[in-house]
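Subject: Structure handover

Hello,

Here is the structure you asked for, with the sequence.

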Amino acid sequence: MADTTYYFDAASADRAVNFIETFCTHVKGELGGKPFLLEDWQKDDIIRPLFGWKRADGRRKYRTCYVEIPRKNGKSNLSAAIALYMLFSDGEPGAEIISAAGDRQQANIVFSVAQEMVYNNAELRKRGKVYRNQIQYKSSFYKSISAEASTKHGFNCHAVIFDELHTQPNRDLFDVLVTSTGARTQPLIMALTTAGHDRNSICWEVHEYARQVKEGSVKDETFLPVLYAADATDDWTQEETWKKANPGYGTICRAEYFEQEVQKAKNVPSYLNTFLRLNLNIWTSAEQAWIPDDIFMRGADPLPSDEVLRGLPCYGGLDLASTQDLTAFALLFRDDEADCFYLKVHQFVNSEKAESKKLNAGIDYLRWAEEGHITVIPGNRTDYRYIKEHIVQAAAKYDLRSIGYDPRFSTYIVSELVAEDIVMHAMAQNITTMNGPTKEFEMQMLSGNIVHGGNEVLRWQMGCAVVYMDVNENKRVVKESYKESKKVDGVIASIIAMNEYVHERTSGSFDEFLGVISL
């Protein structure tokens, strides 16, 4: 006996396709203003199943549709077209259609596309009223919202369009909006997103649910999973992999774009995970390996003599730790004629830590002290007077323009250095502040433009460094783990020194850029 629980309504499927292709337009680029003609995959994988499959009572089968798709495949246009169909043509009285994302700015991307579509079509423009933050049709409306879940409990949503679900900081907004559809007869939750990197997120939870529904291990006939992705084992440099992950490859997204992105991932190793996630839809870790050892050692040529270095502008970076841990002081010299940097990093550790097998975690600080990379300070604490004296001597020897510092443990020593007429700039260690100099340091290192003489302590710490990247692609260096054998003090000091260089060479004051008060 045939299963009659669900049936396919071809007329309803065609109605949705025809609405989009008749009333919706492209809004950007060479196709701007022209009809939005759906590609086969958009029709066959998403629109026709979503609006064609019905329950026995005539209501739609699918209540949730999760589309995971790489960037540059027309996600915003498709989202906006679906929102407008739900507003103008779904026949729901008093429909509330909401665009949501990690913040209002992101949610406005899809909403702004929908606004332009209405402006571009005389029929929609005549029937709908377009306001700054809302499109109204009869008693129904479509608008974008901010991300504060606590203010969204009064909604009675007919449709929710979640853009980039992987940017949701928590599950609160998702849960509030999903539950707001409870009083509607055939609501739609539509999430369109690229892959993320946080596996403790609502996006990963929905991704895993979608995967299990697609594979059949979870039975949910109200959920439509649409997943486009390469496999982690696929060769990311090959065109067949790009095609596999990107249904719009060759039409919406072009081959030359992927060629450029692949070349960038080859040249900048830390960009590889970004490419895999955003362009091949492969979930990655938030932590990314940063500078491989072979690339670091490109700068292992001997440093010039002090006589040469004295004639170059110099910028300092101080990562001052607690008195029980390592402190690092970096000097970054800029040689414009050779178009390169010279980097000297010196570190400090107390003798108890250096000599104790229990405290040094197998690190041979004493050997590095003999080689001149580390100063071992007598006792069980790092006496800041030794560090101050080292910096004062460096300022007397070199053209030291300024020193950036981590303000956490620096109050005493900074005031002492300011008294010595050394220019000091506080630099908070948050991801927004560290992003720019981290990327600049990375670029110069990968280009082989930083000569460090093969400093073994810095080499060890570079091997401990991974890069954390947030949803906005901001970067900050962190330790690979919290083990005592992992340190990144010299790396952080070097990045702070790079920040001093960059902002001496650009307009604007440190106070304006960093949002801090310089001592």
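How are H1 and H2 oriented to each other? Bear in mind that this is a predicted model. The axes of helix H1 (residues 10-23) and H2 come within 7 Å, and they cross at roughly 120°. Angles of 65 to 115 degrees count as roughly perpendicular and those over 145 as roughly antiparallel, so H1 and H2 are oblique to each other. The crossing of H1 past H2 is right-handed.

On the H1 side, the contact is made by Ser12, Ala13, Asp14, Ala16, Val17, Ile20 and Glu21. H2 contributes Lys43, Ile47, Arg48, Phe51 and Gly52. Sorted by class, this contact of H1 with H2 holds six nonpolar, two polar and four charged residues.

Now the cavity. Searching the whole structure turned up one cavity of 30 Å³ or more. The space in the largest cavity is about 30 Å³. Its lining consists of Trp41, Gln42, Ile46, Val67, Ile69, Asn73, Gly74, Lys75, Leu78 and Leu192. Two or more of the lining residues come from each of helix H2 (40-52) and helix H3 (75-88). H2 gives the largest share of the lining, three residues. By class, the lining of the largest cavity has six nonpolar residues, three polar and one charged.

Regards

Conventions: Residues are numbered from 1 along each chain as its sequence is written. This is a predicted model: local features need pLDDT of at least 70, side-chain atom pairs count only at pLDDT 80 or more; totals for chains, interfaces and linings use all residues. Side-chain values use heavy atoms; hydrogens and water are left out. On a 1 Å grid over the protein atoms alone, a cavity is a set of points where a 1.4 Å probe fits but cannot get out, and a pocket is an open set with protein on both sides within 12 Å along at least five of seven lines; lining residues have an atom within 4 Å of a point. Grid points are joined across faces, edges and corners, and a volume is the space filled by probe spheres set on the points. Helices (H or I, at least four residues) and strands (E, at least two) are DSSP runs, numbered from the N terminus. Ala, Val, Leu, Ile, Met, Phe, Trp, Tyr, Cys and Pro count as nonpolar, Asp, Glu, Lys and Arg as charged, and the others, Gly among them, as polar. Axes are lines fitted to C-alpha atoms, for helices over the stretch in contact, and angles run from 0 to 180 degrees between N-to-C directions. Angles under 35 degrees count as roughly parallel, over 145 as roughly antiparallel, 65 to 115 as roughly perpendicular and the rest as oblique. A crossing is left-handed if the near helix is turned anticlockwise from the far one by less than a right angle, and right-handed if clockwise. Contact means heavy atoms within 4.5 Å.
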